[in-house]
Amino acid sequence: MLIMGLESSCDETAVAIVKDSQNINKRIVSNVIFSQIDEHQPFGGVVPEIAARSHLEHFDNLINQAIETAGVSLDQIDGIAATGGPGLIGGVIVGVMYGKSIASAKKKPFFAVNHLEGHALTVRLCDNVNFPYLLLLVSGGHCQLLIAEGIGQYKRLGTTLDDALGESYDKCAKMLGLGYPGGPIVEKFAKNGDGARYSFPRPMLGRKECNFSFSGLKTAVRRQIEKIGPDQLNNQVIADICASFERAVGDVLLDRCQNALNQFKKYYRGQVTLVIAGGVAANNALRIRLNDLKVRENIILKIPPADLCTDNAAMIAWAGIEYARIGKSNALDFKPRPRWPLDPDASKAIGAGIKA
Ligand code: KG4
Ligand code: ZN
């Protein structure tokens with residue numbers, strides 16, 4: 001079975017063809033991506049209207065590229081999966097319309113994939129991981145701890161009450177004048193910095209729950225930058241701020257994951273697998289920090305390769321395969337969803353808004 005995946009929920013236009021192969025290394029047949037970063041860079045963040053138009057401009061070409069690289073024709077594709085939400089709705093509409101059109105013209109099943117579930121299942125694309133697993137989902141739009149119980153079955157243990165983690169990285173970078181997206185740049189600076197130089201708050205640390213809050217940390221970074229003043233903001237100071245920020249983030253993640261682990265153990269016995277997914281999971285320093293938890297708690301830690309943590313279409317195609325395996329596809333009247341929680345039954349988290 002070959003499934004084509006289309007991703008367009010934010011600022012990456014991506015197309016992939018993935019095979020339902022037993023051999024993990026043979027699954028991704030093609031995986032192409034156009035990053036719109038240059039188009040949004042002057043604005044310091046993603047402009048939804050520009051993103052939607054750019055997806056429209058690039059999909060034709062990327063679909064052709066994906067097919068050519070895979071060495072197949074559209075007729076050989078067994079189904080089309082497209083991100084159906086959550087995300088910037090203009091972009092999601094573009095991807096869904098492409099997906100439905102191809103599915104309709106070729107009379108193949110259509111899969112509307114929850115982008116968050118794409119991230120959640122990536123670890124099963126690149127590794128043999130069975131349900132249930134504990135999932136830390138950290139991206140530009142979300143920061144959640146969940147139990148992945150099965151396809152389409154997630155129990156949310158915690159979410160952010162304000163900013164998502166990737167968003168905090170992006171804002172930190174913006175305040176330091178480092179450009180967009182902030183995560184990789186902050187990580188790069190942090191490598192050469194002293195994480196003990198500035199003592200930033202660790203929001204919610206020690207609280208016996210799994211929710212997150214990052215706005216206080218962001219404010220502390222802003223105040224520190226103001227205190228230092230623009231004249232003194234040299235590369236070493238920037239590196240020290242980034243390292244101190246990243247250390248605070250690491251402390252918070254470890255603390256929250258420990259709580260989530262304790263909760264997970266109340267539901268399930270046996271060896272625990274912790275999976276980290278989403279763009280921020282590409283961060284090597286945080287991967288190393290979370291490895292401490294793995295060693296301390298004797299758990300299995302699985303993190304997809306960095307290029308499959310950030311947005312891509314292979315994860316969307318793979319989610320399509322997971323749904324095809326259980327015989328579930330979507331009708332062509334599927335409506336794109338700006339908001340699409342993984343756990344619709346989770347209680348309301350005040351302030352989380354669409355990040356819930
Ligand atoms: O999953 P993703 O590509 O898109 C969303 O679904 O949001 O995540 C993008 C986010 C951005 O905020 C970006 O700054 C962050 O992930 N990110 C990182 C790193 N690479 C990407 N954050 C920290 N360290 C990184 N290396
Ligand atoms: Zn994403």
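Buried means under 20% relative accessible area, exposed over 50% and partly exposed in between, with a 1.4 Å probe and protein chains only. By that rule C257 is buried, with a relative accessible area of 1%. This is a predicted model, where local features need pLDDT of at least 70 and side-chain atom pairs count only at pLDDT 80 or more, while totals for chains, interfaces and linings use all residues. Residues are numbered from 1 along each chain as its sequence is written, chains are lettered from A and ligands numbered from 1 in the order in which they are written, and side-chain values use heavy atoms, with hydrogens and water left out.

**Zinc site**

- The zinc ion (ligand 2) is coordinated by H115 (NE2), H119 (NE2) and D311 (OD), at 2.0 to 2.1 Å.
- Donors here are N, O and S atoms within 2.8 Å of the metal (3.2 Å for Na, K and Ca); water is not among the atoms, so sites may look incomplete.
- Along the chain, the donors of the zinc ion (ligand 2) follow the spacing H-x3-H-x191-D.
- H119 lies in helix 4, and D311 in the loop between helix 10 (306–309) and helix 11, so the pair ties together parts that are 192 residues apart in sequence.
- Helices (H or I, at least four residues) and strands (E, at least two) are DSSP runs, numbered from the N terminus.
- H119 and D311 are both buried.

**Helix 4 against helix 11**

- Helix 4 (residues 115–126) packs on helix 11 (residues 314–325) at an angle of about 80°, with the axes 8 Å apart.
- Axes are lines fitted to C-alpha atoms, for helices over the stretch in contact, and angles run from 0 to 180 degrees between N-to-C directions.
- Helix 4 is therefore roughly perpendicular to helix 11. Angles of 65 to 115 degrees count as roughly perpendicular, under 35 as roughly parallel, over 145 as roughly antiparallel and the rest as oblique.
- Helix 4 contributes H115, E117, G118, H119, L121, T122, R124 and L125 to the contact, and helix 11 contributes A314, M315, I316, W318, A319, E322 and Y323. Contact means heavy atoms within 4.5 Å.
- The residues of this contact divide into eight nonpolar, four polar and three charged.
- Ala, Val, Leu, Ile, Met, Phe, Trp, Tyr, Cys and Pro count as nonpolar, Asp, Glu, Lys and Arg as charged, and the others, Gly among them, as polar.

**Helix 5 against helix 8**

- Helix 5 (residues 165–175) and helix 8 (residues 235–267) pack at about 170°, with axes 12 Å apart.
- Helix 5 is thus roughly antiparallel to helix 8.
- L165, S168, Y169 and C172 of helix 5 meet F245, E246, V249 and L253 of helix 8.
- By class, this contact has six nonpolar, one polar and one charged residues.

**Cysteines**

- The disulfide count is zero, a disulfide being a pair of cysteine sulfur atoms within 2.5 Å.
- For C242, the nearest cysteine sulfur is that of C172, 5.3 Å away.
- C242 is buried, at 0% relative accessibility.
- For C257, the nearest cysteine sulfur is that of C210, 8.6 Å away.

**Two partly exposed residues**

- P336 sits in the segment after helix 11 and is partly exposed at 24%.
- Leaving aside neighbours within four places in sequence, P336 contacts G84, I89, V92, I93 and V96.
- A285 is in helix 9 (residues 284–297) and is partly exposed at 30%.
- Beyond neighbours within four places in sequence, A285 contacts E187 and E246.
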